[in-house]
Amino acid sequence: MTSPPGWTAAAPELASLDEAARGRLERHSPMDVPAGASLFHPGDAVKGYVIVLEGRVEVRLAGPTGRDILLYDVTPGEACIQSTLGLLGGDDHYSAEAVAEGPCRIVLLPRSDFLALLDSSARFRRLVFAALAARMQATMRLLEIMSFQPVETRLAQALLRRAEDGVVRATHQDLATAIGSAREVISRRLERLAAAGVVALERGRVHILDRDALRRMAEAPSP
């Protein structure tokens, strides 16, 4: 697909770059990625710096039993740790999988241009490291949550976060992946919530009936 002129102007974090930096970025055309498409798999060589212009990309880690954990997602203005660290001299192979949650528009900046921009543009360098720092902080928070918050609290938070007009459009596996649990565990917790009248279950959907009860669960202090 041919890049529309000046696509960096549509990305607030890139619009303030100097003309030379934006010109180097705009050598590369945005790509439209369909929902469910995989951007990379474990073991793949790091291809470049991922810039998400529209949509959301989920980065998941699969364990030996096949259970997935959502490490983080990447939306416009956010960094992909796997790509950034690989390009900066860490492990140059991915250890996780990146999947487009819905239709996405991205730019893949090759290693050579990424490193050249880091050298030549102080503004680009600050953007990259600020995004990386924010992502690392979020990852540390995820580790804290996974270690100390009970499943019920994490599930309530996920339901409230994903709800649109009182409906969460997600499978039990989607919710399990999002909070780092197993599908069977999530199914049991949802059945308990349904029996208590907090939610109603439908295939691929969870209807929230008692939002206040969910909020109390979501705000429960860690043990």
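Why does Phe129 count as partly exposed? In this predicted model, Phe129 has a relative accessibility of 41%, and it is therefore counted as partly exposed, since that class lies between the buried residues, under 20%, and the exposed ones, over 50%. Phe129 has its place in helix H5, which covers residues 122-148. Together with Leu85, Leu88 and Met136, Phe129 forms a nonpolar patch on the surface, and the accessible area of these residues together is about 330 Å².

**The sheet E1-E7-E3**

Three strands make up an open sheet in the order E1-E7-E3, and their pairing is antiparallel. At the edges of this sheet stand strand E1 (31-33) and strand E3 (48-54), each of which pairs on one side only. Between neighbouring strands of this sheet the average turn is 40 degrees, with direction ignored. Helix H4, made of residues 111-120, packs on the sheet and touches E3 and E7, while its direction makes about 75 degrees with that of E7.

Strand E7 consists of residues 104-110 and is joined to E1 by 3 bridges, the two strands running antiparallel. On its other pairing, E7 is joined to E3 by 6 bridges, again in the antiparallel sense. Of the 7 residues of E7, 5 are buried, so this strand is largely enclosed by the rest of the structure.

**The sheet E8-E10-E9**

Another open sheet of 3 strands has the order E8-E10-E9, and here too the pairing is antiparallel. Strand E8 (167-169) and strand E9 (199-202) are at its edges, and because each has a single partner strand, one side of each is left without a neighbour in the sheet. Neighbouring strands of this sheet are turned against each other by 20 degrees on average, direction ignored. Strand E9 pairs with strand E10 (residues 205-208) over 4 bridges in the antiparallel sense. Across E9 and E10 lies helix H8, which comprises residues 183-195 and runs at about 125 degrees to E9.

**Residues that stand opposite each other**

| Residue | Opposite residue | Strand of the opposite residue |
|---|---|---|
| Met31 | Ile106 | E7 |
| Val33 | Cys104 | E7 |
| Gly48 | Pro110 | E7 |
| Ala200 | His207 | E10 |

Methods
Residues numbered from 1 in each chain as written. Predicted model: local features only at pLDDT ≥ 70, side-chain atom pairs only at ≥ 80, totals over all residues. Heavy atoms only, no water. Pairing = 2+ DSSP bridges. Axes fitted to C-alpha atoms, helices over the stretch in contact; angles between N-to-C directions. Contact = heavy atoms within 4.5 Å. Patch = residues over 30% accessible without salt bridge, like charges linked within 9 Å, V, L, I, M, F, W, Y side chains within 5 Å. Areas by Shrake-Rupley, 256 points an atom, 1.4 Å probe, with all protein chains shown as cover. Salt bridge = Lys/Arg side-chain N within 4 Å of Asp/Glu carboxyl O. Buried < 20%, exposed > 50% of the residue type's maximum accessible area, 1.4 Å probe, protein only.
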